[in-house]
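Thanks for coming. I have one structure to go through today, and I will keep it brief.

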Amino acid sequence: MTVISGFTDRTEYTRAITESRQLGSTPGTFKSIFANGSRTRSLSDIDAIVLHQTGYWQRLRGNDVTAYDHTIAHFVVLPKGGVVLQVRDLEVRLNNVIPTHGVHIEIVGCFNSDSFDCNAYRRNQARGRLRAGGCVGASLRSRAEVPHLTQIQATRRLIAALVSHDPIMGQINCILAHRQVTTMGGGRANCPGPHIWYNLGEWARREWHLSTNCHRAQPIPASWQNSRFVIPIPCPPITEEERADRGRVAPRQEGIRSFAYRYQKPTGMA
């Protein structure tokens, strides 16, 4: 079985795991990690990378490497420190889109939709409204998280390693957003979200000449192909004067720190 060197290998602990922690169609059951039919595939079948977001808040599981063993993915990119877990061998056919051909990467976080508004975020932050909660629906996503810079950097390293890996070197010619190849709708219309796509999908198209037109994929929304989603996003930090003017309590510090290195210079990434 194949493991990519340079990343944190969890496959020794996950090979015996057969169920995810996603609820199945039958009450009281969980979805299988494996696709129907054969649980494995040949490396020669792999030709695409599929990007996902987990859809839950980064702080819920944090950087606990054991917390992601049941994830239906080959790789999981943790919230901090540039840590990438390999949780499945590359030969595993996952209970996910294009199971025979895709390498699935989950980036941990509840990321914003393309309706994200810096000004609205600043207002909510000043009013102390950024609190724990679920990650469902556009209204919550509009004041949710954006990926950390280290997550973007780590995933770029992973993409480069996959594209260059022998014996699949030259086979991976496509990168997809989950939303392009799913018919499930709902929150998956924002998977992996414009921040992930612009900083990873568009980057891979440019740097590695990967296509997004494969496996009957739907087109990426034009709104996702916009430099305003560059990480770190160019949102200036809220000022003390803005907080004082609204007469509200200051938000919790962890709410500020989670916002994707907001205090870095807004130069973005090339």
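I will start with the overall numbers, then take the sheet, the helices on it, a hairpin and one histidine.

A caution before the numbers: this is a predicted model. The protein has 270 residues, and 51% of them count as buried. Its secondary structure comes to 8 helices and 8 strands. The accessible surface is about 12,300 Å², with 50% of that belonging to carbon and sulfur atoms. As for contacts with a separation of 6 or more, 78% of them are between residues 24 or more positions apart.

Now the sheet. In what order do the 6 strands of the open sheet run? The order is β1-β6-β5-β7-β4-β8, and the pairing is mixed. At the edges are β1, residues 8-9, and β8; each has a single partner strand, so one side of each is left without a neighbour in the sheet.

Within that order, take the pair β5 and β6. Strand β5 covers residues 75-77 and strand β6 covers 84-86, and they pair in the antiparallel sense over 3 bridges. In this pair, Val-77 stands opposite Val-84 of β6.

Next, what lies across the sheet strands. Helix α5, residues 149-164, lies across β4, β5, β6, β7 and β8. Its direction is at about 170° to β7, which is residues 102-107. Helix α6 also packs on the sheet, where it touches β4, β7 and β8. The direction of α6 makes about 165° with that of β8.

On to the hairpin, formed by β2 and β3. Strand β2 is residues 19-23 and strand β3 is residues 30-32; they pair in the antiparallel sense over 2 bridges. Glu-19 stands opposite Ser-32 in β3. Between the two strands there are 6 residues, and in this hairpin Gly-28 takes a positive phi near 85°.

Last, the histidine. Where does His-178 lie? His-178 is in the loop between β8, residues 174-177, and α6, residues 194-208. Is His-178 buried or exposed? The relative accessible area of His-178 is 7%, and the cut-off for buried is under 20%, so His-178 counts as buried. Its side chain is joined to that of His-52 by a polar contact of 3.3 Å. For orientation, β4 is residues 48-53.

To go back over the main points: an open sheet of 6 strands with mixed pairing, α5 lying across β4 to β8, α6 packing on the sheet, and a buried His-178 in the loop between β8 and α6. That is all I have.

Key: Residues numbered from 1 in each chain as written. Predicted model: local features only at pLDDT ≥ 70, side-chain atom pairs only at ≥ 80, totals over all residues. Heavy atoms only, no water. Pairing = 2+ DSSP bridges. Helix = DSSP H or I, 4+ residues; strand = E, 2+ residues; numbered from the N terminus. Buried < 20%, exposed > 50% of the residue type's maximum accessible area, 1.4 Å probe, protein only. Polar contact = N/O pair within 3.5 Å; in protein donor to acceptor, adjacent residues only side chain to side chain. Contact = heavy atoms within 4.5 Å. Axes fitted to C-alpha atoms, helices over the stretch in contact; angles between N-to-C directions. Areas by Shrake-Rupley, 256 points an atom, 1.4 Å probe, with all protein chains shown as cover.
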